[in-house]
Amino acid sequence: LGLALCVVSGTAFLYHDYCVIGAGPAGLQVAYFLQQAERDYIVFERSHAPGSFFALYPRHRKLISINKQYTGKSNSEFNLRHDWNSLLSHDRRLLFRHYSRDFFPHADTMVRYLEDFASLLDLRVQYNTAIIHVTLERNEQAWNGHYFLLTDQDRKNYKCSSLLVATGTWVPNVVNFPGSEYVEGYETVSINPEDFAGQTVLILGRGNSAFETAENILGVTNFIHMVSRSRVRLSWATHYVGDLRAINNGLLDTYQLKSLDGLLEGDLEDLAIVKDKKGKLHITLRFYLENRNISAGIDSITLPQDELDNFATRAPYDRVIRCLGWKFDFSIYNRSLRMMPGKGNINKYPQIKPSYESRGTRGLFVLGTASHSVDFRKSAGGFIHGFRYTTRAVHRLLENRHHGVPWPSTVYPITQLTNSIIKRVNEASGLYQMFSVLADLILLRENATAFEYLEEYPIGVLAELEMQTGRKAPNGLFVIIMEYGRNFSGADKDVFYYNRAVGEAQHAWQSNFLHPVIYYYKRLPTEREMKLRPPEWPLPRPDAIHHIVEDFLTDWTAPNAHILPLRRFLENCLSTDLRSFFAESCFLFAFTRQKLPPFCQQGYVRMQGLMGSEGLQRHAVQAGLLQDYTLTDFSGDRPPDSHDRSRDQLLRDQVIPVRPLQHLVNAKDE
């Protein structure tokens with residue numbers, strides 16, 4: 001695609017339809033989709049190579065994203081459920097399992113993988129380009145009513161119609177308190193355990209970076225204390241992959257087994273650190289230092305142990321390390337873009353809508369880790385195995401908005417409804433990873449004779465479905481998502497309690513582990529209904545709801561436990577019969593029913609469906625699906641074996657001719 005040069009107020013700008021800031025995993029992922037769609041785009045990367053975050057972090061170089069080599073399945077979509085590092089592409093060489101066999105890979109491998117992803121797919125990335133300022137230029141002719149103007153470190157200028165921010169969160173979180181100048185940051189602290197031999201260490205923070213740091217020096221320190229405002233949250237209890245993972249939790253063992261290490265809770269802003277003449281660091285509280293000069297010396301400062309002689313942190317420390325995570329860099333955005341931080345515990349992320357578009361500026365989308373405010377502490381949108389799917393969803397929204405390309409969909413006859421759902425809930429990785437956030441939608445056609453299937457749509461903008469996708473839903477819809485049990489996840493939950501799993505289909509609504517849930521709406525929910533939905537519900541109250549009972553193998557193909565209850569639920573919603581029938585049954589229904597089941601209408605009458613054979617008929621008779629006409633007593637002049645001969649002839653032909661059937665049906669109507 002050609003490069004356009006435009007001039008605004010005497011300043012030259014290089015123009016692209018799409019500008020992407022950041023060539024990390026999310027930036028490369030959206031670049032891939034833009035390139036596949038043959039769009040005009042450019043990716044700006046401040047470093048000399050993609051994935052610069054992974055060149056430094058995690059400091060101790062072991063990723064906590066799993067790389068499962070074997071699943072027992074050959075289905076590539078299913079296997080992505082257990083591959084948390086690969087980006088989406090058509091190139092099978094770019095699966096992470098070809099780069100590492102480690103279950104928890106080395107971070108350098110991720111850097112190499114991202115470099116190959118960019119080069120093998122020939123993505124348009126402009127390296128060594130740090131965008132230092134972004135502002136708006138109002139223009140009614142622009143896609144969104146304005147253009148985005150970008151300036152890099154060399155004062156080169158760029159102009160875009162749509163801005164995709166994929167910079168992640170890379171600015172370290174810092175808490176300022178008296179004595180904070182003595183604190184070392186996670187980003188610079190030594191990773192050589194020998195540098196901590198025989199030392200006493202205090203770690204500020206309680207996330208994976210804090211425990212990763214502790215794990216590295218656990219065997220050489222006198223003891224390690226860890227302090228944070230919140231209690232420890234274990235990922236197996238919260239079902240949130242960003243919480244403490246088992247690979248890093250050795251300190252919990254040494255704490256609970258009383259081997260000197262320990263965890264404390266407290267507000268870091270209330271702390272103060274005082275350094276004595278020997279270089280030891282003493283922990284005190286901020287209010288003890290009011291109206292005192294901290295540089296006057298420790299002898300003139302009141303310490304907590306002076307009043308409470310068993311104060312927990314009365315022993316001095318050799319080092320204090322800050323491991324408080326990162327936040328989004330807001331500094332490069334002009335006030336005209338209204339890029340504001342979120343509120344409360346999501347203030348490290350920019351404010352965005354459930355469509356991942358900025359709340360302040362139309363046409364500005366936030367991708368990757370920085371978009372995690374949509375599902376923070378709920379799903380996997382802050383990690384590669386989650387945002388590779390949300391990035392694809394954003395691209396589909398952009399394709400519809402700017403290029404008139406509707407959301408991809410497939411139309412099936414209604415007879416395939418049950419099969420389509422079962423296939424997706426057993427294979428789809430996007431539904432599985434982005435549970436309660438992305439959903440498959442089934443849009444019903446008139447009279448429920450067919451349906452349109454849309455995959456992995458953000459349910460937060462369900463009310464905007466027709467505008468965002470270019471698809472219509474006038475006849476109702478099903479929404480398929482994955483959910484955990486309502487009260488199963490939490491830092492204080494015992495997820496290993498006896499009878500924690502549900503096995504009977506009639507109790508499926510009480511399932512605790514991840515399982516499919518189908519919502520049925522007779523009409524598309526409104527924005528007001530989305531806002532007023534029950535607390536902790538991903539969707540408004542439906543006209544009907546069905547839980548497919550959880551499964552130990554996450555294999556929802558059991559005929560009685562999974563498929564039969566689902567089919568009956570769908571039939572009740574649609575007031576139709578979704579069963580499959582043998583040709584003989586369809587032939588019989590033509591004379592005994594006013595309306596044929598959809599399977600017979602769309603299959604048998606059109607010379608499609610199940611062919612008869614002697615083996616199939618015997619099985620059907622034994623299962624009670626067909627009457628055994630061989631036992632019928634015929635009288636009259638007809639030879640006793642004439643029925644057998646005609647039946648054998650029918651079985652040899654393997655199909656009942658359709659033309660005579662249509663003739664008989666027409667004669668019956670007359």
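Here is a short tour of this predicted model, from the whole chain down to a few residues.

Local features need pLDDT of at least 70 and side-chain atom pairs count only at pLDDT 80 or more, while totals for chains, interfaces and linings use all residues. Residues are numbered from 1 along each chain as its sequence is written, and side-chain values use heavy atoms, leaving out hydrogens and water.

**Whole chain.** Start by colouring the protein chain by secondary structure: there are 19 helices and 23 strands (DSSP runs numbered from the N terminus, helices being H or I with at least four residues and strands E with at least two). Of its 670 residues, 52% are buried (under 20% relative accessible area; exposed is over 50%, partly exposed in between, with a 1.4 Å probe and protein chains only). For contacts (heavy atoms within 4.5 Å) between residues at least 6 apart in sequence, 65% join residues at least 24 apart.

**Gln36.** Next, select helix α1, residues 25–36, where you will find Gln36. Gln36 counts as partly exposed because its relative accessibility is 47%.

**A positive patch.** Finally, select Lys353, Arg359, Arg362 and Lys531, which form a positive surface patch (residues with over 30% relative accessible area and no salt bridge, like charges joined within 9 Å; a salt bridge is a Lys or Arg side-chain nitrogen within 4 Å of an Asp or Glu carboxyl oxygen). Zoom in on Lys531 in helix α13, residues 527–531; its relative accessibility is 68%, so Lys531 counts as exposed.

Terms used:
Patch = residues over 30% accessible without salt bridge, like charges linked within 9 Å, V, L, I, M, F, W, Y side chains within 5 Å. Areas by Shrake-Rupley, 256 points an atom, 1.4 Å probe, with all protein chains shown as cover. Lys, Arg positive; Asp, Glu negative; His and termini not counted. Charge placed at Lys NZ, Arg CZ, Asp CG, Glu CD.
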